[in-house]
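Here is a friendly briefing to read alongside the structure. Please keep the viewer open as you go through the topics.

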Amino acid sequence: MDQTPIAQAILGSPHFKYFDKCIGAIDGTHIHVFSSTADHMFMRNRKGFLSQNCLFACNFDFFFIYSLCGWDGSVTDGALWQDALANDIQVPLNKYLLGDAGFPSCDGLLVPYHGVCYHLREWHEGASGNEQELYNLCHSALRNIIEHIFGVLKRQWRILNHPPKYDMGIQARVPAALCALHNFIQHFDADTFNDLEFDWDYVQFNENKGLPLDAEDVEEVVLQEWDETGRAGERCDMIARTMWEDYLSELARWGRDPPT
């Protein structure tokens, strides 16, 4: 039986209590690299600069709990997830991480509804018109922790934005080492990060189409998705439905009309 505790950020929030099986958030981020001319076509990402795409997960206590570094900048978050899943990432049974729409819908991930407002900046009046919009709004707000920790990491260590002329094998180790250093500081002196002036310009997101998987990998991924997508979809629907019912009850208690 899994003993992973429920994060205080979830327990203490009426908006996030529906995500009680969530242990953190996951996303890919681009780290600038120095690359040989021959490798430019692989390291150049969709935004035009040379990078390694790194996959990180963090919990709600602001600690990194997973890192996968060294992938070409042209590779997608979904490909990183498949590599992590096949090798070393372990999500406890019946628990999940929050991922954005670039990740597959599966047992270890909870992703937003596609084609529905998601990012906080997409909301104008802050009101939800249906259960899927409400779910996406709360999902985005809770998953924001990973974007925040990326910003802090890149703000604190400029080497991530101005790459040294090291061998790529060494450059791939730098982000993971700094994640470990971040965790050390967070454990012993968390106020260091609280005092940082946060700058969203240091947050960069992976929107790449990436490189194709091998035929055998594609077949394996498809077989997995057919089985897991249904379960993951049912989980999202259950959370969204419960959340929406509570929302309507709260509106009725305050004598307000439901959204149309």
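Isoleucine 170 sits in helix α5, which covers residues 168-171; helices here are DSSP runs of H or I with at least four residues, strands are E runs of at least two, and both are numbered from the N terminus. This is a predicted model, in which local features need pLDDT of at least 70 and side-chain atom pairs count only at pLDDT 80 or more, while totals for chains, interfaces and linings use all residues. Residues are numbered from 1 along each chain as its sequence is written, and side-chain values use heavy atoms, with hydrogens and water left out.

- With a relative accessible area of 42%, isoleucine 170 is partly exposed; buried means under 20%, exposed over 50%, and partly exposed in between (1.4 Å probe, protein chains only).
- Ile159, Tyr166 and Ile170 make up a nonpolar surface patch, and together they have about 260 Å² of accessible area.
- Patches take residues with over 30% relative accessible area and no salt bridge, joining nonpolar side chains (Val, Leu, Ile, Met, Phe, Trp, Tyr) within 5 Å and like charges within 9 Å.
- A salt bridge is a side-chain nitrogen of Lys or Arg within 4 Å of a carboxyl oxygen of Asp or Glu.
- Accessible areas come from the Shrake-Rupley method with a 1.4 Å probe, and for residues only the protein chains shown count as cover.

**The sheet**

- Five strands build an open sheet of mixed pairing, in the order β3-β2-β1-β4-β5; two strands pair if DSSP finds at least two bridges between them.
- β3 and β5 are the edge strands with a single partner each, so one side of each has no neighbour in the sheet.
- β2 and β3 run antiparallel and share six bridges, and phenylalanine 56 stands opposite serine 67 in β3.
- β4 and β5 are parallel and joined by two bridges; leucine 97 has leucine 109 in β5 as its bridge partner.

- Phenylalanine 62 has a positive phi of about 75° although it is not a glycine.
- This phenylalanine 62 belongs to the hairpin of β2 and β3, which has five residues between the strands, and it is buried at a relative accessible area of 11%.
- Asparagine 94 also has a positive phi, near 70°, and lies in the loop between α3 (77-87) and β4 (96-98).
- Asparagine 94 is exposed, with a relative accessible area of 60%.

**Aromatic pairs**

- Searching the whole structure gives six aromatic pairs; rings of Phe, Tyr and Trp (its six-membered ring) pair if their centres lie within 6.5 Å, with planes under 30 degrees apart counted as stacked, over 60 as edge-to-face and the rest as tilted.
- One of them is the edge-to-face pair of tyrosine 113 and tyrosine 135, at 5.1 Å centre to centre with 70° between the planes.
- Tyrosine 113 lies in the loop between β5 (109-110) and α4 (131-156) and tyrosine 135 in helix α4, so the pair ties together parts that are 22 residues apart in sequence.
- Both tyrosines are buried: tyrosine 113 has 15% relative accessibility, and tyrosine 135 has 0%.
- Phenylalanine 184 and phenylalanine 188 form a tilted pair, 4.8 Å centre to centre and with 50° between the planes.
- These two, phenylalanine 184 and phenylalanine 188, are four residues apart in helix α6 (residues 173-188), which means they are separated by about one helical turn.
- Phenylalanine 188 counts as exposed, at 59% relative accessibility.
- Phe19, Tyr113 and Tyr135 are linked by ring pairs into a cluster.
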